[in-house]
Amino acid sequence: MARQGLDALDGRMLRLLRERPREGLLEIARRLGVARGTLQARLDRLTRSGVVTGYGPDVDVAALGHVVHAFTTFEVDQSAREAITARLRAVPQIVEAHIVTGPGDIWCRIVGVSNQHVQQVIDHVLEVPGVRRSTTVIALSAVIPHRVQPLVDEVAGLSGDQDAHLR
């Protein structure tokens with residue numbers, strides 16, 4: 001189960017680990033003014049509690065040639081949702097998928113090398129038994145790319161108060 005809060009040291013530690021992923025824990029601990037063991041214990045606790053979910057490098061899919069980003073909602077037969085989800089996992093161009101409320105059932109973020117490539121991915125999913133229809137929008141640009149550090153900063157009490165009214 002995810003931990004409900006972070007203290008300022010947790011927040012600063014996570015910020016440095018994100019900003020300097022290749023820097024060793026000893027150097028991060030030195031920058032924070034704490035013992036390496038303290039840092040390791042906190043990192044282990046955050047990992048066990050599900051706050052820290054991975055250590056891999058961030059990958060820019062556009063640099064891999066997948067420059068088109070689309071957001072597609074699929075309407076599906078509810079009884080087939082588990083089988084459909086399993087099939088979606090097998091499509092590498094579907095980089096994210098969520099069960100959602102509203103007129104659609106499954107929301108996917110799809111990447112492709114072209115609009116035609118994205119259409120091929122969507123057509124492939126539409127062939128899956130139980131998928132009825134899709135609605136897609138193409139992203140023109142990212143004004144706020146995926147991020148978590150501002151939220152970490154706020155939860156840890158490190159963020160500025162310009163948007164304190166949103167809390």
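Colleague: Which side chains does the salt bridge at 2.4 Å, N to O, bring together?

Modeller: The side chains of Arg 30 and Glu 27 meet there, with 2.4 Å from N to O, and a salt bridge here means a side-chain nitrogen of Lys or Arg within 4 Å of a carboxyl oxygen of Asp or Glu. Please keep in mind that this is a predicted model, in which local features need pLDDT of at least 70, side-chain atom pairs count only at pLDDT 80 or more, and totals for chains, interfaces and linings use all residues. Residues are numbered from 1 along each chain as its sequence is written, and side-chain values use heavy atoms, with hydrogens and water left out.

Colleague: And where do Arg 30 and Glu 27 lie?

Modeller: Both are in helix α2 (residues 25-32), three residues apart, which is about one turn of the helix; helices are DSSP runs of H or I with at least four residues, strands are runs of E with at least two, and both are numbered from the N terminus.

Colleague: Is Arg 30 buried or exposed?

Modeller: Arg 30 is exposed because its relative accessible area is 55%, where buried means under 20%, exposed over 50% and partly exposed in between, with a 1.4 Å probe and protein chains only. Glu 27, at 25%, is partly exposed.

Colleague: Which residues are linked in a network of salt bridges?

Modeller: Arg 20, Glu 23, Glu 27, Arg 30 and Arg 31 are.

Colleague: Now to another one: what does Arg 42 form a salt bridge with?

Modeller: Arg 42 pairs with Asp 7, and their closest N and O atoms are 2.9 Å apart. The pair links distant parts of the chain, since Arg 42 sits in helix α3 (residues 36-48) and Asp 7 in the segment before α1, 35 residues apart. Arg 42 counts as buried at 18% relative accessibility, whereas Asp 7 is partly exposed at 31%.

Colleague: Changing topic, how many aromatic pairs does the structure hold?

Modeller: It holds one aromatic pair, and rings of Phe, Tyr and Trp (its six-membered ring) pair if their centres lie within 6.5 Å, with planes under 30 degrees apart called stacked, over 60 edge-to-face and the rest tilted. Phe 71 and Trp 107 form a stacked pair, 5.5 Å centre to centre with 20 degrees between the planes.

Colleague: Why does that pair tie together parts that are 36 residues apart in sequence?

Modeller: Because Phe 71 lies in strand β1 and Trp 107 in strand β3.
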